[in-house]
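This report goes through a protein model from its overall surface down to single residues. Please keep the sequence and the coordinates at hand while reading.

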Amino acid sequence: MQENTGAGYPGDAGVTDDFDLAGVPDAFQRLWTPHRMAYIKGGQHQFKNENDCPFCLGPGRTDEEALIVHRGKTCYVVLNLFPYNPGHLLVCPYRHVPDYTDLTVEETAEFAEITQTAMRVLRKVSNPGGFNLGMNQGVVGGAGIAGHLHQHIVPRWGGDGNFFPIIAQTKAITQTLDEVRRLVAEAWPGETDAE
């Protein structure tokens, strides 16, 4: 860790915020994801209720239009429209609830089961070395759509966090969302496969 002498670094003034975070060396590494700015700029208040929530509207569309890969009884799986990595999935309850504690016992069980199945399917389809699983709860917790609970399943590979997003401010996604949706949906086990 470099010592902060207070002198600053060339170009710091243009990138340092009021809290002196970006230009001041400290113990934290910054993960810059400028490719997600299109999503962030939409703002937290872009979806006010079930009538404009994409997670409520999606199941009313075709799987191809909504990028849905699996429909369960109480929950479904959809591709993230702004993925961190190819195959980035979201598990969503059909009900418009904001918090994990709002799920019923039945929803919680299917939510967990679908998450496990999604991981198995992604391993089969794209052989990731690991996963990031997570739910951001509430606006302060970082939820992009705080009004409708969703869990992220992000497949990870060695080297997927390379220099490209950091230096070139670009994230290379090697497949179209249509291709990924088709591959995952086709590999999802049917009712007879699960028995």
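The accessible surface of the protein comes to about 12,000 Å², and carbon and sulfur atoms hold 55% of it. The model is a predicted one, with an average pLDDT of 77 and with 64% of the residues scoring at least 70. Of the 195 residues of the protein, 32% count as buried.

**Confidence**

Two stretches call for caution, and they are set side by side here.

| Residues | pLDDT | Contacts beyond four places in sequence |
|---|---|---|
| 20–31 | under 50 | 13 contacts |
| 163–170 | under 50 | nine contacts |

Where pLDDT is low, the predicted coordinates should not be read in detail. The model does have 13 contacts beyond four places in sequence for residues 20–31, but pLDDT stays under 50 there.

**Fold**

Eight helices and five strands make up the elements of the protein, and from the N terminus on they run α-α-α-α-β-β-β-α-β-β-α-α-α. Among the contacts in the protein with a separation of 6 or more, 59% are accounted for by residues 24 or more positions apart.

**Helix H7**

Helix H7 spans residues 177–187, and within it Val180, Arg181, Val184 and Ala187 are buried. These residues lie on the same side of H7, because the arc they cover around the axis is only 145°. An α-helix has 3.6 residues a turn, so residues three or four places apart point the same way. Asp178 and Glu186, in turn, are exposed on the other side of H7. The cover over the buried residues of H7 includes two helices, H4 (63–66) and H5 (105–126), together with the strands S1 (68–71), S2 (75–79) and S3 (89–93).

**Glycine 72**

Is glycine 72 buried or exposed? Its relative accessibility is 19%, and glycine 72 therefore counts as buried, given that the cut-off for a buried residue is under 20%. Leaving aside residues up to four places away in sequence, glycine 72 touches Tyr94 and Glu110. Glycine 72 and glutamate 110 are 38 residues apart along the chain, while their C-alpha atoms are separated by 7.7 Å.

Conventions: Residues numbered from 1 in each chain as written. Predicted model: local features only at pLDDT ≥ 70, side-chain atom pairs only at ≥ 80, totals over all residues. Heavy atoms only, no water. Buried < 20%, exposed > 50% of the residue type's maximum accessible area, 1.4 Å probe, protein only. Helix = DSSP H or I, 4+ residues; strand = E, 2+ residues; numbered from the N terminus. Arc of directions from axis to C-beta. Contact = heavy atoms within 4.5 Å. Areas by Shrake-Rupley, 256 points an atom, 1.4 Å probe, with all protein chains shown as cover. pLDDT = per-residue confidence, 0-100.
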